[in-house]
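Please open the model in your viewer and keep the sequence panel beside it, ready to select residues by number.

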Amino acid sequence: MLKTIIKSTLAVTALFSFAQTVNAAHSTYSPMAPRQLSVKASHADYSYGLSILPGNSIDSIEVLNRNVFWRGNYLVFDRYLLRPVAHAYAKLPNFAKDGVHNFFSNISDLNNTVNNPLVGRFKDSSISISRFTINSTLGLLGLIDVAKHMGLEQKSMSMNTVLGKAGVDQGEYFMLPALGPTTERNIHGSLADSWTFAPFNVWTSAALHVVEAIDIRARLIDQEELIDKSVDPYAQMRQIYLMYQEGQVNPEASMEVKKDENVEEFLDEIDG
């Protein structure tokens with residue numbers, strides 16, 4: 001029994017070690033597949049009639065996401081609580097807002113230090129730990145981004161992105177109450193990255209997360225009309241979120257502009 005476990009562990013380790021970075025948006029893996037034991041199964045369609053979203057994500061509980069959680073988040077929580085608070089926060093002096101943002105950015109550099117080597121970016125990892133050391137001391141616990149003025153730009157790398165670069169698809173799409181959009185991959189990645197808040201007690205950690213959420217929401221004020229004036233705000237938010245995550249995984253592919261021959265023929269007919 002022990003030999004079997006050891007052999008299985010070594011096999012999995014070997015496969016992961018030789019795995020190459022793949023384009024998650026074009027992975028052959030289907031998040032709806034129960035198991036893929038053959039080449040034929042890996043190419044089978046397990047979407048069950050559902051639309052395959054960016055990153056091979058599937059919104060299989062759209063009825064619940066759209067009609068319960070989205071309405072609660074967008075029409076109630078954001079409209080009557082988070083949005084007013086974010087707009088009030090946005091009126092604070094720039095140095096105060098920058099200090100809050102820099103503080104959380106400094107904490108994230110700990111994750112960047114650990115995560116960047118997992119995708120082979122060892123130089124970025126050294127830059128991240130240098131930034132954290134400089135900003136935590138000279139920058140007064142990260143309130144001032146001294147490292148940036150020294151030419152050390154932040155090299156962000158979340159565990160969610162690491163998993164995506166390893167070929168893990170987005171998986172199921174969720175609209176979480178009060179927390180907003182996420183996916184199976186992001187949930188696992190966020191849990192892995194949460195170790196940076198371990199030194200704080202539960203209440204302090206919760207308070208920090210609330211302040212961070214307000215800071216992030218305030219920085220999205222300029223994009224409010226993009227959602228508010230869209231034909232389908234729910235679908236718009238879902239697409240923006242998933243495309244952003246895939247852009248983090250494969251930025252080169254996200255910048256590609258693919259030509260549609262049918263559209264070009266249609267335009268030629270109009271010109272004619």
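This is a predicted model: local features need pLDDT of at least 70, side-chain atom pairs count only at pLDDT 80 or more; totals for chains, interfaces and linings use all residues.

Residues are numbered from 1 along each chain as its sequence is written, and side-chain values use heavy atoms, with hydrogens and water left out.

Stop 1: Select residues 173-176, which are strand β1, and residues 180-183, which are strand β2; strands here are DSSP runs of E with at least two residues, helices are runs of H or I with at least four, and both are numbered from the N terminus. The two strands pair in the antiparallel sense over four bridges, where pairing requires that DSSP finds at least two bridges between them. Tyr173 stands opposite Thr183 in β2, and among the three residues between the strands, Ala178 takes a positive phi near 70 degrees.

Stop 2: Which residue forms a salt bridge with Glu62? Select Arg238, whose closest N and O atoms with Glu62 are 3.6 Å apart; a salt bridge is a side-chain nitrogen of Lys or Arg within 4 Å of a carboxyl oxygen of Asp or Glu. Arg238 lies in helix α11 (residues 233-249) and Glu62 in helix α3 (residues 62-90), 176 residues apart. By the salt-bridge rule, the count comes to 14.

Now show both helices, whose axes come within 11 Å and cross at roughly 95 degrees; axes are lines fitted to C-alpha atoms, for helices over the stretch in contact, and angles run from 0 to 180 degrees between N-to-C directions. The helices α3 and α11 are therefore roughly perpendicular to each other, since angles under 35 degrees count as roughly parallel, over 145 as roughly antiparallel, 65 to 115 as roughly perpendicular and the rest as oblique. Contact means heavy atoms within 4.5 Å, and the residues that meet include Trp70 and Tyr74 in α3 and Pro233 and Met237 in α11.

**Stop 3: α4 and α9.** Select helix α4 (residues 94-115) and helix α9 (residues 202-218), which pack at an angle of about 120 degrees with their axes 10 Å apart, and which are therefore oblique to each other. Their contact includes Phe103 and Phe104 of α4 and Leu208 and Val211 of α9.
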